[in-house]
Amino acid sequence: IYRTYDTGATINSLSGNRFTIAGLNRVNKAYFKTAIYLNSVSNVRVYAGLVGSTSAPISAADPLANLSGIGLWFDSAVSSVWKIGHNDGDCTGDYDATSVTAATAQLYPIEIYANRDDTGWRVVFSQTVTDVSTEIPASTTQLAFWVYMENTTGASRTFRNYYTIVRNDK
């Protein structure tokens, strides 16, 4: 089952799915999994991951600015590849490039979870496992999720959000 989201035609219009309750954290072994399918890879920004905010995302070239979080990020104006974004709440997020070029007609499963010794996060994307242990949300920071697309031009953009699974394990 999936849902199709269309941005508005207005520049910087956002559309997607978010969890408005911050109930996930690293100490309780937070787990997030989703899959997205892009219909466009030009003039878009896409984020899928955990964030220390229950508010709706806003138009931003740095979605994790001043927020704790970890997720997958694509900004067509900056790079053709997906990046792993992470931040401990300071003014700018850190974005580490993957080797995966964003493409249309491609299903992108994303899995993010706290590691068992509570020292970091594991991101599984495109059959590659990446451990992130710096500039990350504190162990007890309450996290929600965002899965969204933003257009950066005056035309509507579309993406599909397949399943989204979240849980805490004790």
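Is Asn43 buried, partly exposed or exposed, and what is its relative accessible area? Asn43 is partly exposed, with a relative accessible area of 34%, where buried means under 20%, exposed over 50% and partly exposed in between, using a 1.4 Å probe and protein chains only.

## Basis of the model

This is a predicted model, in which local features need pLDDT of at least 70 and side-chain atom pairs count only at pLDDT 80 or more, while totals for chains, interfaces and linings use all residues. Residues are numbered from 1 along each chain as its sequence is written, and side-chain values use heavy atoms, with hydrogens and water left out.

## The chain as a whole

The protein chain has zero helices and twelve strands, helices (H or I) being DSSP runs of at least four residues and strands (E) runs of at least two, numbered from the N terminus. Its radius of gyration is 15 Å, which agrees with the value near 15 Å that a compact globule of 170 residues would have; the radius is taken over C-alpha atoms, and the globule rule is 2.2 Å times the number of residues to the power 0.38.

Along the principal axes, the C-alpha atoms fill a box of roughly 45 × 30 × 30 Å. Of the 170 residues, 46% count as buried, and among contacts (heavy atoms within 4.5 Å) between residues at least 6 apart in sequence, 68% join residues at least 24 apart.

## The open sheet

Strands of a sheet pair through backbone hydrogen bonds, either parallel or antiparallel. Here six strands form an open sheet in the order E2-E11-E4-E5-E6-E7, with antiparallel pairing; two strands count as paired if DSSP finds at least two bridges between them. Because E2 and strand E7 (94–101) stand at the edges, each with a single partner strand, one side of each is left without a neighbour in the sheet.

Within this sheet, E4 and strand E5 (residues 68–75) pair in the antiparallel sense over seven bridges, and Tyr47 stands opposite Trp73 in E5.

## Residues in the loops

Asn43 lies in the loop between strand E3 (31–38) and strand E4 (44–51), and has a positive phi of about 60° although it is not a glycine. Asp118, in the loop between strand E8 (107–114) and strand E9 (121–125), has a positive phi near 60° and is likewise a residue other than glycine.

Ser13, found in the loop between strand E1 (3–6) and strand E2 (14–18), is buried, with a relative accessible area of 15%. Leaving aside neighbours within four places in sequence, Ser13 is in contact with Thr7, Gly8, Met149, Glu150 and Asn151.
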